[in-house]
Amino acid sequence: MLVRQLSVLYLAAASSFGVAILLSQHPMLNSAAKTGAHFVGSTTVEAASALNTHVIQPGWAWTSSETRSLAHRAVMAMNPPPAVHATTKPVRLARREAPAPKRVQKPVLKKVALAPPPQLRPQIVEPQGPVAPAPNPMPGEVASNLQPKITLAPQAAPRETTLPQEAQAALPPPPAANAPAPGPAELIRVTQRLKDSLTAEMLQHFEMFLYVSKADHGPWAQRMYVFQKQPGGNLSLLYNWPVSTGRERIELAPSGAKEPSFTPAGYYQIDPSRMYTHYVSGQWRQPMPFAMFFNWENHGYQTGLAIHAASGEDISLLGTRSSAGCVRLAPENARLLFTLIRANYKGLVPKFAYDKRTATMANDGMMLHDDAGNLQMAKGYKVLVFIEDYGGENVVAALF
C-alpha cells in the first residue's frame, strides 16, 4: 500500500515538473512573460497562467506535503515503537510521607477512697463576734415559772448507764474534784447560767450539756461542768473538772508556720464520724487521746477543735490556758466522758444553721428549720457543748 502511494506521488510530481518545464521552455510563453507583450490568442496565455496558479502550484504543494507525510510513515513502519503489554500497569513511585505522630495515651487515674486525714487539722479561727456573757444573775432574780427547777446531783454519783458489765468494770472511778473546786453556791450559779444560755429547742433535743469556761481567772475559770438532763427538764451536775483551753495568741507551730491557738466561744455538737481513742495532731505534733471533734465547719473547713485528754507535761498545766485551741481534760476524765457519750447519747439531733455564702456553720445557737418551721434533724450524739469566756465573777459585788 505504501509503495502504491509512493508511485502515485512520483507520477503526480513528475507530471507537475513536466508541465512546469513545458511552460517555462515554450518560446512564445517565455517571451511574453519576459517582455510583457501579448501575442495573438491572449486567451492561451491567460489559460496557461490560470493553470499554473490554480493547478500546478497547489498540486506541487499537495505533492510535497503528502511526500513528507508518506516518508514519515515509512520511517515509523521501518522502526516501530516497542509494544506495551495491555495488562502492564504503569509503575507509580511511592510517595514517601513522614510518619504520623504517635498519640501518647494519658494514664487513667483511678479514684481511691482515702480516709479523712484528721491530723491535717485546719486552723481554728476565733469568731469576730463571740457569744457575749450574760450579766451575772443576782440571787432571787433568776426564778421563772417557765424554767424547770435546778437540782444538783452528788458529785460522785453519775447516772446509771447502759454500758455492758465488762465496759463498766473498765471505767475508772469518778475522779475527785481538783482543788480549788467551786463551792455549792457557785455550782448553783453555774447551773443557772447554763440554763439561761439554752433555748427551749436546745433543752428539748439534747440530753447532756458540757459547760466550759475558757476564762483565765475567776472561780469558774478553766473548768468543765458536765450536766445531765433529768425527766421534766431539770439539770443535774455530774462532774466538774479542770481543763486547759487555748493560749489565745498567734504562735509558731512545730512546722515553723504561725498558727492561732484560740478556743472560739459558742455552741457545738460532737461529730459522730470523728471520735478517736488514739489520735495525733498533724498541726501541733501532739497526741490527742480520746479525741471528740466538734461538728463545726468554718469557711469551708471542718475545724480541728476537739475535747481530748492531756498527756505528758500538759497534765500538770490543767486549770490554765495552755492548749493550742482544744479543750484538754485529765486522761481518766477524758476516757470516762468519751465512753459515756458513745454508749448512751446516740440519737437524732437538730442541725445548726448554715451560711452558704461563707460556708460556715452557725455556732451562736441558731438551728436549721424547713419552710414549715420544723427543725432539721440528723444522726449524732445528743450532747451540746457551750464554751464562753466568763469566769463566774460577781459583777455587782465587784462594784462595791
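Select Arg-193 to begin: is Arg-193 buried or exposed? Arg-193 is buried, because its relative accessible area is 3%, under the 20% cut-off. Keep in mind that you're looking at a predicted model.

Now widen the selection to helix H5, residues 184-197. With 14 residues at 1.5 Å each, helix H5 should span 20 Å, and its end C-alpha atoms agree, sitting 20 Å apart. Color the buried residues of H5, among them Leu-187, Val-190, Leu-194 and Arg-193. What do they pack against? Show helix H6 (200-205) plus strands S1 (208-213), S2 (223-229), S3 (235-242), S6 (266-276) and S16 (383-388).

Next stop: Lys-214 and Glu-248, a salt bridge with the closest N and O atoms 3.5 Å apart. Here the link runs between the S1–S2 loop, which holds Lys-214, and the loop between S3 and strand S4 (250-252), which holds Glu-248, 34 residues apart. Lys-214 counts as buried, because its relative accessibility is 3%.

Then pick Arg-249 and Glu-251, another salt bridge, at 3.4 Å between the closest N and O atoms. Glu-251 is buried at 15% relative accessibility, whereas Arg-249 is partly exposed at 44%.

Finally, select Glu-207, Lys-229 and Lys-382, which are linked in a salt-bridge network.

Technical notes. Residues numbered from 1 in each chain as written. Predicted model: local features only at pLDDT ≥ 70, side-chain atom pairs only at ≥ 80, totals over all residues. Heavy atoms only, no water. Helix = DSSP H or I, 4+ residues; strand = E, 2+ residues; numbered from the N terminus. Expected span 1.5 Å × (residues − 1). Buried < 20%, exposed > 50% of the residue type's maximum accessible area, 1.4 Å probe, protein only. Contact = heavy atoms within 4.5 Å. Salt bridge = Lys/Arg side-chain N within 4 Å of Asp/Glu carboxyl O.
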